[in-house]
Amino acid sequence: MEKIKVAVLGSGNIGTDLMIKLGRSNVLDLTTVIGIDPDSDGLKKAKALGYETIDTGIDGFLERPELADIVFDATSAKAHIRHAKKLKAAGKQVLDLTPAAVGPFVVPPVNITEHLEADNINLITCGGQATIPMVHAIDRVQSVSYAEIVATISSDSAGPGTRANIDEFTVTTSGGIEKIGGADKGKAIIILNPAEPPIMMRDTVHVLLDEQDVKKDEIIRSIKEMEKDVQSYVPGYRLKQEPIFEENRVTVFIEVEGAGDYLPAFSGNLDIMTAAAVKVAEELAKHKLKQAVL
């Protein structure tokens, strides 16, 4: 089967986990992993697996742009602002795993087909990928006036990139709750829990409905359908218990266990980002291949 060539920009934890997942794709051909530290574990693993490695960052890749048509940016929000301009000028389609929010927001089970030709797609944040599907699942039954999410992750799964992006996390996730989830007003909170042993990623979604007459059965059905949709690409995504209803307030509890490809299983916050990135990129690749035939 014909494949679309892709590259990973960033050889840290997220980039390395993404590299392993991409190796299993039927429509994406990972050719290159790009970093700035030749001694990074990510670049060493990439070289051992036979991928092209570049240790001079994005400029090194742009000297050989034929290596990939789609580039995953797994660096940081501030770095992506610079990368986005250069990659757009080079004619590359970009999947942004940082909360830079340069391009349109995409959450696979909500709007995966709406931006197939966008030059830059933003995957919001780990908290956004975990919780926005549930806000949307409720909003498609009854209008949501306010949604607040609390993402709790292990401190051990929050590397330098995650910590540097805390401010962007809250702003971008809140925006995604509104733009993609459908809430009139959204708020996002992130907690880094230092507990030992490390905890799984857990998310709490609090939603206020416009109406007092709550359609409980329909909302529960919609939530469980969405759980299955997310599980199709993140098997460790699950409801921790039945949704709680208090007048016009709905609370949903979620846990995300990672697949353990490169990251520990408790790093579901990172795993859901890489899994979502592969899911979206495969749709982009299928669209590119279809357009090439037409």
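Cysteine 126 counts as buried because its relative accessibility is 10%, where buried means under 20% relative accessible area, exposed over 50% and partly exposed in between (1.4 Å probe, protein chains only). The model is predicted: local features need pLDDT of at least 70, side-chain atom pairs count only at pLDDT 80 or more, and totals for chains, interfaces and linings use all residues. Residues are numbered from 1 along each chain as its sequence is written, and side-chain values use heavy atoms, with hydrogens and water left out.

**Record annotations**
- In an unreviewed entry, UniProt lists Cys126 for "active site"; such annotations may be inferred rather than shown by experiment.
- Cysteine 126 is placed in helix α6 (residues 126-139), helices being DSSP runs of H or I with at least four residues and strands runs of E with at least two, numbered from the N terminus.
- The unreviewed UniProt entry also lists residues 5-118 for "domain: Semialdehyde dehydrogenase NAD-binding".
- Residues 5-118 are 36% helix and 20% strand, and their end C-alpha atoms lie 17 Å apart.

**Phenylalanine 105**
- Phenylalanine 105 lies in the loop between β5 (93-96) and α5 (108-111).
- With a relative accessible area of 8%, phenylalanine 105 is buried.
- Its C-alpha atom is separated by 9.4 Å from that of asparagine 120, 15 residues apart along the chain.

**Aspartate 213**
- The loop between β9 (201-209) and α9 (216-231) contains aspartate 213.
- Aspartate 213 counts as exposed because its relative accessibility is 61%.
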